[in-house]
Amino acid sequence: MKIKQPQPFTFEAGPRAVLLLHGFTGHTADVRMLGRFLEKKGYTTHAPIYRGHGAPPEELIKSNPKQWWEDVRKAFQHLRELGYEEIAVAGLSLGGVLGLKLAYSENIKAMIPMCAPMFFDNETQLTQGFKLFSKEYKQLEQKDDDTIQKEIASLVEGSEELFDDLGKTIKDVKNNVDTIYTPVFVVQARKDQMINTDSAMYIYENVESDVKDIKWYEESGHVVTVDKEKEQLHEDIFQFLETLDWKI
């Protein structure tokens, strides 16, 4: 069975732009509804797909966090080249980590980390997500259970270096969040079982921003952007963006 590969998107609406960053093992479907919502409210949005993502898990483990960071910077530059001078960033999970890195590396308008990990637990958290993603992908390919189990075991064995690099990336960003001064709105799902939810308070307490807020979504899981409270989340992000001091 051929699986349709997702694509990056750019929804041009108004002069204010928001870069939308998906999570680890995810792709633009993570943030498409948010992009469409913001487009209707007059915001331009752009969402890239990092290398290895939106593809079979075998491709994912050939990529690495350095490449994903390059892809995020390129996406930011893409909005600049389209003429957008003021760019806010909203990132889910890994996208939140890379967005926070962008917040202390570039001049951005604001940062919205959503369920972004600051503590790396290789055994119980992100690797579990990777195994689940791999299983679901192989089920879509209509492979039998024995084949799936063998292929997942091989993938996990081949992904050690990737997870080591991912852990270092998360730790590096965690050590630098106190150099962020841009406005921040921290989003965290209460039922998130993928990451350590203490991450949200860590970000909120350690960013140096004068303007910062945090909100917990009580009924949502890790992919908060598409869960039960997505409409409320979309509205909250819009209201936060509206409080910013945009030049235009």
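Q: Which residue meets the side chain of Asp 71 in a salt bridge?
A: This is a predicted model: local features need pLDDT of at least 70, side-chain atom pairs count only at pLDDT 80 or more, and totals for chains, interfaces and linings use all residues. Residues are numbered from 1 along each chain as its sequence is written, and side-chain values use heavy atoms, without hydrogens and water. A salt bridge is a side-chain nitrogen of Lys or Arg within 4 Å of a carboxyl oxygen of Asp or Glu. Here the N to O distance is 3.0 Å, and the partner of Asp 71 is Arg 51.

Q: How many residues apart in sequence are the parts tied together by Asp 71 and Arg 51?
A: Helices (H or I, at least four residues) and strands (E, at least two) are DSSP runs, numbered from the N terminus. Asp 71 lies in helix α3, while Arg 51 lies in the loop between β3 and α2, so the pair ties together parts whose separation in sequence is 20 residues.

Q: Is Asp 71 buried or exposed?
A: Buried means under 20% relative accessible area, exposed over 50%, and partly exposed in between (1.4 Å probe, protein chains only). The relative accessible area of Asp 71 is 10%, so Asp 71 is buried.

Q: With which residue does Glu 70 form a salt bridge?
A: The closest N and O atoms of this pair are 2.8 Å apart, and the partner of Glu 70 is Arg 51. Glu 70 is in helix α3 (residues 65–81) and Arg 51 is in the loop between β3 (44–47) and α2 (57–60), so the pair ties together parts that are 19 residues apart in sequence. Glu 70 is partly exposed at 37%.

Q: Which residue pairs with Glu 219 in a salt bridge?
A: The closest N and O atoms are 3.1 Å apart, and the partner is Lys 191. Glu 219 sits in the loop between β7 (212–217) and α9, and Lys 191 in the loop between β6 (184–189) and α8 (198–206), so the pair ties together parts that are 28 residues apart in sequence. Glu 219 is partly exposed at 38%. Also partly exposed, at 43%, is Lys 191.

Q: How many salt bridges does a search of the whole structure find?
A: Some share partners: one network joins Glu 58, Lys 138, Glu 141, Lys 143 and Glu 151. For the whole structure, the number of salt bridges found is 15.

Q: At roughly what angle do the axes of α1 and α9 cross?
A: Axes are lines fitted to C-alpha atoms, for helices over the stretch in contact, and angles run from 0 to 180 degrees between N-to-C directions. Angles under 35 degrees count as roughly parallel, over 145 as roughly antiparallel, 65 to 115 as roughly perpendicular and the rest as oblique. α1 and α9 are therefore oblique to each other. Their axes come within 10 Å, and the crossing angle is roughly 50°.

Q: What is the handedness of the crossing of α1 and α9?
A: A crossing is left-handed if the near helix is turned anticlockwise from the far one by less than a right angle, and right-handed if clockwise. For α1 and α9 the crossing is right-handed.

Q: In what kind of crossing does α4 pass α7?
A: Helix α4 (residues 94–105) and helix α7 (residues 160–174) have axes that come within 10 Å and cross at roughly 45°. That makes α4 oblique to α7. As for handedness, the crossing is left-handed.

Q: How far apart are the axes of α5 and α7?
A: α5 passes α7 in a right-handed crossing. The two helices are oblique to each other. They pack at about 135°, and their axes lie apart by 11 Å.

Q: Near what value is phi of Cys 115?
A: Most residues other than glycine have a negative phi. Cys 115, in the loop between β5 (111–114) and α5 (126–140), is buried at 0%. Its phi is positive, near 50°.

Q: Where is Thr 25 found?
A: Phi of Thr 25 is also positive, near 70°. Thr 25 is buried, with a relative accessible area of 17%. Its place is the loop between β2 and α1.

Q: How far apart in space are Val 18 and Lys 40, C-alpha to C-alpha?
A: Val 18 lies in strand β2 (residues 17–21) and is buried at 1%. Val 18 and Lys 40 are 22 residues apart in sequence, and their distance in space is 13 Å.
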